[in-house]
Amino acid sequence: MEIVLTDKIELRYMVNVMESGKLMDEIGEEVISADHILEEAYETRKEVKPSTKVAILDLEELKDWQRRKRTEYEEVLKRNRLDLRQWMRYGQFELEQHDIRRARSIFERALLVSSSYIPLWVRYIDSELKLKNVNHARNLLHRATSLLPRVDKLWYKYVFVEESLGHVEVVRGLYTKWCSLEPGTNVWDSYIGFEARHGNLEQVRNIFAKYILVHPKVDTWLKWVSYESKHGSIDTIRRVYSLALDTLSAFDNIDKNDLERLIVSFANWEASQQEFERCRSLYDITIRKLPNSKTLKDAAIQFEKKFGDGTNINDSITFKRKTEYENYLVNNPTDYDMWWLYIDLIAESFTNHLRPVYERATASSVPPGHVKSIAWRRYIYIWIRYLIYLESIDVAAHEIRAVYQRLIKEIIPNKKFTFAKIWIMYSQFEIRQGEVTNARKILGMSLGLCPKKKLFRYYIDLEIKLKEFDRVRKLYEKYLDFDPLSLNTWIEYAELEENLGDEERSRGIYEIALSDEVEFPIDDRLKLIARFIQFETDVCEYSRARNLYDKYLIISDYDVKVWIKYALFESSVPTNAQLAAYEQKINENEDEESDEEEFEITEDNKNQTRSIFEKALNHFAQKKDSQNRILILEAYKQYEHTHGSPITQEKIASRYPTVVKRKAMQDGIEREYIEYIFMDDNQETAKPDLSRLVSLARNWDIERRK
């Protein structure tokens, strides 16, 4: 789409209309979106080139390199002294040079710029610890925590260092100072864990006493209860619970749900200590104070069911639920959620009746119709649970096999649809029984009745694990007959043959996939030929890869990305001379193991790459496609910047187009548009250059005068 620029008033009007979601007739059907802008930016991005490796041979070169690097860092910091990450990189550089004095100086200068940047403190402290300058690190931690007392990360590091050194009293003092600032709950928990590790149980209780004042929450009290459950006695636990209830009930803004949670926890603990009367009294008192609390009432009922006078309350309730489920399922046999709840109840309380229930569930709840639906899926999941149950209780293999046969032959309408999970489970069952032949027959039957991708893939994976590659080939052939447009299947088949060392088979698979008989979409064909090129490159068939690139260009309609890949490909593969030398070297050293050879980019590679770039430029010049010409020139420029000389770089830079704004009348309105003028086009249409003739005449005149 060509964007036409007008005066400021009209442009502002166009922007307002586009932002409001309305389309103007002048813009046309296509609208520039954020996706288009991001996609264009991604395509024209500049690749980050790796840093140049510097080979340092002696001390003088090392010092010179260090001086230059320091100068670079200082120049950058002069321009932007607030870039603290640059300060950290500078300090890290000095640490790598083992110059701790300079590194400290840099870190201190950085702290003068900003002393509140936490990563800077952490990097400085870690560097001192790594160099085992423990006292200096402790001094830094003292400075950091004094300057930034609300940053928990620095405190954690400080106490970790001191505890690692065995300074228990120092750590205790740090925690005391830290907790005086009333930090978050994690800090208090850490303090309690420290004191517990050192066996100071009374000190932990003192900390909890302060903890609940700073964070008067139910979770804090329950943590105290948990601690007393491990290290205290029944009296101390009861005292903490009582104190918690007395304290929290005095607060007006306490969360009702939290208070109920504390009461239930207290009551459950009393019940666990066989103090049933205390528990009952607690529920009675709290329910009177909170008469609308459903949670407390349900908890009291559950308590009475468990510990009340009626010994068969729970059994009666369970039996009642069982009867209700059965009556409901008689009238609603296809309610699979209810069947699931019913089976859960039987598995929990009536284990001996579980298998008949499974039989009844699978027999009486078959979904109506032969259309695959959610109901069928839920029904099959009951079968899966049944089959897993049978195998878990060590039922005889022939009985489980009979259940599988009944499912696949009488229940599932395989000619209409099937469930791959059942066939796979059946084959896995036979494999566990050591019957691999039966497993193959089952999978073959499934593919004959109702083939599915999942079944093909499982069968292929099984045969690969068994290393039966002839069977794998036959399965791939059947799979491709079933789904010839499965791109991944073609590639996996070809890669299998490649891994087996049969390059001709692999090449043949790629060629068949790219033939006209397989009508792949254009995107799949592009992916397939790209993988084919990679294969030919891996097996060192570079001439074949070049022919495929020519075909790649045709299929992609001479896409600019393909041109660039083609050009860079020529610089990534060895030349014929290099290959010949490499083969000769291998022949001379047949008995020795040869390492992987690394080929350097020669002038032949560069010339081949440049020729591809030139072909691309000529192609887009004939098409008058300025945008793609610019993209090719940009890639060409990047290539020359990496592999070229100053002369070739300047030559490419001179070929960039000139941007010219022109005016044209459109619908009676004079509009501006942008035109790109390429020097190559001007040279082709320019008149013969007479400058050489004039120069010769001038030289002749000078000689004549002498």
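**Close-up 1. The buried face of helix α23 in a predicted model**. In α23 (residues 436-449), A439, R440, I442, L443, S446 and L447 are buried, that is, under 20% relative accessible area with a 1.4 Å probe and protein chains only, whereas exposed means over 50% and partly exposed lies in between. Seen down the axis of α23, these buried residues fall within an arc of 160 degrees, so they line one face of the helix, the arc being that of the directions from the helix axis to the C-beta atoms. K441 and G448, on the other side of α23, are exposed. Among the elements covering the buried residues are α22 (420-432), α24 (453-465) and α25 (469-482), where contact means heavy atoms within 4.5 Å.

**Close-up 2. Packing of helix α8 against helix α10**. Helix α8 (residues 152-164) and helix α10 (residues 185-197) pack at an angle of about 10 degrees, and their axes lie 12 Å apart; α8 and α10 are therefore roughly parallel to each other, a term for angles under 35 degrees. D152, Y156 and E163 of α8 meet N186, V187, S190, F194 and R197 of α10.

**Close-up 3. The chain around these views**. The protein chain has 36 helices and two strands, which are DSSP runs numbered from the N terminus (helices H or I, at least four residues; strands E, at least two). Of its 706 residues, 36% are buried.

Residues are numbered from 1 along each chain as its sequence is written, and side-chain values use heavy atoms, with hydrogens and water left out. In this predicted model, local features need pLDDT of at least 70 and side-chain atom pairs count only at pLDDT 80 or more, while totals for chains, interfaces and linings use all residues.

How values were computed: Axes fitted to C-alpha atoms, helices over the stretch in contact; angles between N-to-C directions. Parallel < 35°, antiparallel > 145°, perpendicular 65-115°, else oblique.
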